[in-house]
Amino acid sequence: MPTLTILGSGEAFDPLLPNSSLLYEGERTVLIDCGFAAVQALWRRSLDPDLLDAVLLTHHHADHTFGVPALLMVMETPKAASPRKRTRPLTLIGPPGTQRYITALFDLAYTPGMKRLSFPVEFMECAPGEAATFGPITIKTALPDHGIPVLSTRWEESGVPRFAYSADGKVTPATRQLFRGAPTLAHECYALPGGEGPVHTHVEDVLKVAAESGAETLILVHQSADQRHPIADYARTQKIFGGRVLMPEGMTRISL
Ligand SMILES: [Zn+2]
């Protein structure tokens with residue numbers, strides 16, 4: 001049975017928790033988002049340079065992408081705990097412009113960037129609303145409202161819906177539709193109602209969209225560090241969503 005590990009559930013500038021990042025392990029192993037604190041959470045889980053088949057970047061904000069140069073460098077650098085280098089290809093999935101963005105980022109971080117790697121990186125760009133197929137996994141996508149292109153995703157393996165994830169942004173009719181029928185929904189939940197600002201979602205909306213979707217499990221991630229405890233209290237006493245609500249504060253593995 002596939003599993004989803006919450007490597008981090010923090011906000012961009014969280015002093016305590018790694019930023020939001022997930023690890024999907026099924027027929028393929030995929031890291032979902034790779035911010036500057038997510039790589040350390042991944043390395044605590046495994047230093048195997050061949051662990052990942054792919055990395056999916058939901059959007060081009062630093063808290064979701066700036067760990068990629070370190071991730072690639074460690075795959076290329078033998079260590080006592082992982083003496084081999086990676087040799088097999090790594091697929092990098094993201095919104096349009098991902099190849100240019102990651103190539104420039106890696107070049108800035110450790111010039112000459114991609115030329116350092118002895119394994120191939122294969123880019124797969126996917127516009128919000130399109131689907132990306134990766135082996136037996138189909139990743140359907142939709143656009144939330146975050147001010148820039150973001151891939152909210154719905155994961156199906158061999159045709160079976162496994163989970164949906166919205167890393168950043170307000171709920172839209174397209175994401176609402178995407179989540180329908182997914183048994184597990186992981187969603188950003190930045191604040192209490194009124195504190196979410198222009199590009200995030202508040203807890204009441206997340207609970208409503210989870211109830212509409214028919215999900216059995218809701219995972220709240222990407223809370224503002226200042227609002228984590230009020231959101232937890234709200235989630236504990238709410239009557240909107242009847243399923244299981246999880247708010248991980250450390251590495252948490254869930255069967256899908
Ligand atoms: Zn963002």
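Axes in these exercises are lines fitted to C-alpha atoms, for helices over the stretch in contact, and angles run from 0 to 180 degrees between N-to-C directions. The model is predicted, with local features needing pLDDT of at least 70 and side-chain atom pairs counting only at pLDDT 80 or more, while totals for chains, interfaces and linings use all residues. Residues are numbered from 1 along each chain as its sequence is written. Helices (H or I, at least four residues) and strands (E, at least two) are DSSP runs, numbered from the N terminus.

**Exercise 1.** Find at what angle the axes of helix α3 and helix α4 cross, and state which residues meet.

*Solution.* Begin with the axes of α3 (residues 68-76) and α4 (residues 98-109), which come within 9 Å and cross at roughly 70°. That makes α3 roughly perpendicular to α4, given that angles under 35 degrees count as roughly parallel, over 145 as roughly antiparallel, 65 to 115 as roughly perpendicular and the rest as oblique. Next, look for contacts, meaning residues whose C-beta atoms, placed from the backbone, lie within 7 Å: V68, P69 and L72 in α3 meet I102, L105, F106 and A109 in α4. Finally, sort this contact by class, which gives seven nonpolar, no polar and no charged residues; Ala, Val, Leu, Ile, Met, Phe, Trp, Tyr, Cys and Pro count as nonpolar, Asp, Glu, Lys and Arg as charged, and the others, Gly among them, as polar.

**Exercise 2.** Determine which residues of helix α6 are buried and how they are arranged around its axis.

*Solution.* A residue is buried if 20 or more other C-beta atoms lie within 10 Å of its own, exposed if 12 or fewer, and partly exposed in between. By this test V203, V206, L207, V209, A210 and S213 are buried in α6 (residues 203-213). Seen down the axis of α6, these buried residues fall within an arc of 165°, so they line one face of the helix; the arc is that of the directions from the helix axis to the C-beta atoms. The cover over them includes α5 (173-179), β11 (184-188), β12 (217-221) and α7 (228-237).

**Exercise 3.** Work out the strand order of the open sheet of seven strands, and name its edges.

*Solution.* Two strands pair if DSSP finds at least two bridges between them. The edge strands, each pairing on one side only, are β7 (131-134) and β13 (244-246). Within the sheet, β9 (residues 152-157) and β10 (residues 160-166) run antiparallel and are joined by five bridges, and E156 has P161 in β10 as its bridge partner.

Technical notes. Two residues are in contact if their C-beta atoms, placed from the backbone, lie within 7 Å.
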